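Please open the structure in a viewer and keep the selection panel at hand. The stops below are arranged for selection one after another.

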Amino acid sequence: MYEKTFPNKRFKITLEFLEKHLSKSETILDLGVENPFSTIMKENGFSVKNTIGEDLDNDQSTLQNENYSTVTAFEIFEHLLNPYTVLQNVKCDKLFISIPLRLWFSSAYRSKTDQWDRHYHEFEDWQLDWLLEKNGFKIVDSVRFTHPTNKIGFRPILRYFTNRYYLVYAVRQ
């Protein structure tokens with residue numbers, strides 16, 4: 001997935017956000033298979049365990065059976081058909097979630113070769129806020145940020161000014 005590009009800006013902002021709000025003594029269950037950012041979290045002293053690739057829409061057993069104090073879901077919820085059910089099965093009180101925001105000038109992402117690399121949801125920030133609220137979570141802090149590219153064109157120019165990502169820290173009320 002990151003063969004040609006590496007989202008350095010997103011990773012930097014996300015790590016700083018985690019370090020601002022989370023003690024390194026916490027145990028993290030990171031939704032999704034091990035990935036470059038879960039490796040970065042470990043390299044920076046966080047205790048991280050990933051899910052193993054199960055279809056979280058149908059199987060929340062890891063959420064129910066693992067021991068963890070925090071859940072991270074970075075760039076995961078947009079791939080799920082039912083993030084509501086996933087949130088219902090979170091057994092801790094702390095969440096860190098990031099999503100790519102819906103862009104008015106771009107259609108939903110869909111890989112033609114990888115069925116797991118598709119976006120079912122293209123969220124607006126208020127939709128994630130509502131999803132969290134409906135599951136008993138309150139947003140403590142959030143940040144929106146852009147994702148500029150080194151390409152030439154109308155869309156790349158818009159990416160310098162249009163927020164692309166939404167990152168939240170939420171706690172169960």
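Predicted model: local features only at pLDDT ≥ 70, side-chain atom pairs only at ≥ 80, totals over all residues.

Residues are numbered from 1 along each chain as its sequence is written, and side-chain values use heavy atoms, with hydrogens and water left out.

**Whole chain**

Of the 173 residues, 46% are buried; buried means under 20% relative accessible area, exposed over 50%, and partly exposed in between (1.4 Å probe, protein chains only). The accessible surface comes to about 9700 Å², with 50% belonging to carbon and sulfur atoms; areas come from the Shrake-Rupley method with a 1.4 Å probe, and for residues only the protein chains shown count as cover.

**Helix α1**

Select residues 8-21. Now show the side chains of Arg10, Phe11, Thr14, Leu15, Phe17 and Leu18, which are buried. They lie on the same side of α1, because they cover an arc of only 160° around the axis, the arc being that of the directions from the helix axis to the C-beta atoms. Asn8, Lys12 and Lys20 are exposed on the other side. Among the elements covering the buried residues of α1 are α2 (36-43), β3 (70-74) and β4 (94-100), with contact meaning heavy atoms within 4.5 Å.

**Helix α2**

Move to α2, where the buried residues are Phe37, Ser38, Ile40 and Met41. Seen down the axis, these fall within an arc of 155°, so they line one face of α2. Their cover includes α1, β1 (27-30), β2 (47-50) and β3.

**Salt bridges**

A salt bridge is a side-chain nitrogen of Lys or Arg within 4 Å of a carboxyl oxygen of Asp or Glu; by this rule there are 9. Select Glu16 and Lys12, whose side chains meet at 2.7 Å, N to O. Both lie in α1, 4 residues apart, about one turn of the helix.

Next, select Lys49 and Glu66, a salt bridge at 3.7 Å, N to O. Lys49 lies in strand β2 and Glu66 in the loop between α3 and β3, so the pair ties together parts 17 residues apart in sequence.

Then select Asp125 and Arg144, joined at 2.7 Å, N to O. Asp125 is in helix α5 (residues 125-134) and Arg144 in strand β5, so this pair links parts 19 residues apart in sequence.

**Thr62**

Centre on Thr62 in helix α3 (residues 61-65). Thr62 is buried, at 13% relative accessible area. Beyond its neighbours within four places in sequence, Thr62 contacts Leu29, Thr51, Glu54 and Tyr68.

**Surface patch**

Finally, select Ile157, Tyr160 and Phe161, a nonpolar surface patch with about 380 Å² of accessible area together. Patches are made of residues with over 30% relative accessible area and no salt bridge: like charges are joined within 9 Å, nonpolar side chains (Val, Leu, Ile, Met, Phe, Trp, Tyr) within 5 Å. Tyr160 lies in the loop between α6 (154-158) and β6 (163-172), and counts as partly exposed at 45% relative accessibility.

Methods: Helix = DSSP H or I, 4+ residues; strand = E, 2+ residues; numbered from the N terminus.
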